[in-house]
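Here are a few exercises to work through with the model open beside you. Try each task yourself before reading its solution.

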Amino acid sequence: MPNQNRDRKQQILSAARSCFFQFGFKPTTISMISRYADTSRVTIHKLFGGKEDIFRQVVEQHFLHTQEQVKLHRVQVTNVWQVVEDIVMALGQPVFQDIKDKQVHQDLVQSCMQYAEDLSQTQRQFVRENLTELIALALNNQQITLEHLDMSCAELAQSIETNVYGLLHSNIDLQAHQALQQLLKIYRAATRID
């Protein structure tokens, strides 16, 4: 029975993610999730504390998935800026590929701040720590220099993370994707060893 509940719970979370990404948090209802998951509302209420709980768990699953992607990208440290770009694009993937409507995007950002801010802060800290370690490793391997920036590894990592999340939270279009790539080109140029 525990495996069956876990499978049912995952089915509901997958359906909820589809609903949230398609319609937004506010318009999505338990009834809608029930239809998408092909399960009863009673079952949903037995497994979850409500729509906010489902949303938090969807956000948490997303963050755990992106953390795994970050760890996979970290293995390829031959070109630090390519790894950083891969990480940044992994963080932005659902924004660029899954969420097509600007109003839905804004609704999800606001709902995340309301119902999952602690998860978001933990995710951002994880990203900063990984970027700091990557930059420090590249610095130690003499692949980059921070001389022109007058910043520490942690300060550069925080700058990258802050700019990335700012762009991801404010835009969902191709321009945000291009802006992220341009931003990383600036960091790459600023850390190049002459």
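Angles under 35 degrees between two axes count as roughly parallel, and those over 145 degrees as roughly antiparallel. Keep in mind that this is a predicted model.

**Exercise 1. Two helices side by side**

Work out whether α4 and α7 run roughly parallel or roughly antiparallel to each other.

Solution: 
- Start with the general idea: two packed helices are described by the angle between their axes and the distance between the axes.
- Find the pair: α4 covers residues 51-74 and α7 covers residues 117-140.
- Now the numbers: their axes come within 10 Å and cross at roughly 5 degrees.
- The cut-off for roughly parallel is under 35 degrees, and α4 and α7 are therefore roughly parallel.

**Exercise 2. Who touches whom?**

List which residues of α4 meet α7, and sort the contact by class.

Solution: 
- On the α4 side, look for Arg56, Val59, Glu60, Phe63, Thr66, Gln67, Val70, Lys71 and Arg74.
- Across from them, α7 brings in Asp118, Leu119, Ser120, Gln123, Phe126, Asn130, Glu133 and Leu134.
- Sorted by class, the contact has six nonpolar, five polar and six charged residues.
- A handy thing to remember while you look: an α-helix has 3.6 residues a turn, so residues three or four places apart point the same way.

**Exercise 3. Positive phi angles**

Find where Asp38 and Gln142 sit, and decide whether they are buried or exposed.

Solution: 
- Asp38 lies in the loop between α2 (30-37) and α3 (41-47), and comes just after α2.
- Its phi is near 55 degrees, a positive value in a residue other than glycine.
- With a relative accessible area of 67%, Asp38 is exposed.
- For contrast, go back into α2 itself, where Ile30, Met32, Ile33, Ser34 and Ala37 are buried.
- Gln142 belongs to the loop between α7 and α8 (153-170).
- Phi of Gln142 is also positive, near 55 degrees, and this residue isn't a glycine either.
- Gln142 counts as exposed, at 65% relative accessibility.

**Exercise 4. Cysteines**

How many disulfides does the structure hold?

Solution: 
- First, what to look for: a disulfide is a covalent bond between the sulfur atoms of two cysteines.
- The cut-off for the two sulfur atoms is within 2.5 Å.
- Check Cys19: the nearest cysteine sulfur belongs to Cys112 and is 18 Å away, and Cys19 is in no disulfide.
- The total for the structure is zero disulfides.

Conventions:
Residues are numbered from 1 along each chain as its sequence is written. This is a predicted model: local features need pLDDT of at least 70, side-chain atom pairs count only at pLDDT 80 or more; totals for chains, interfaces and linings use all residues. Side-chain values use heavy atoms; hydrogens and water are left out. Axes are lines fitted to C-alpha atoms, for helices over the stretch in contact, and angles run from 0 to 180 degrees between N-to-C directions. Helices (H or I, at least four residues) and strands (E, at least two) are DSSP runs, numbered from the N terminus. Angles under 35 degrees count as roughly parallel, over 145 as roughly antiparallel, 65 to 115 as roughly perpendicular and the rest as oblique. Contact means heavy atoms within 4.5 Å. Ala, Val, Leu, Ile, Met, Phe, Trp, Tyr, Cys and Pro count as nonpolar, Asp, Glu, Lys and Arg as charged, and the others, Gly among them, as polar. Buried means under 20% relative accessible area, exposed over 50%, partly exposed in between (1.4 Å probe, protein chains only).
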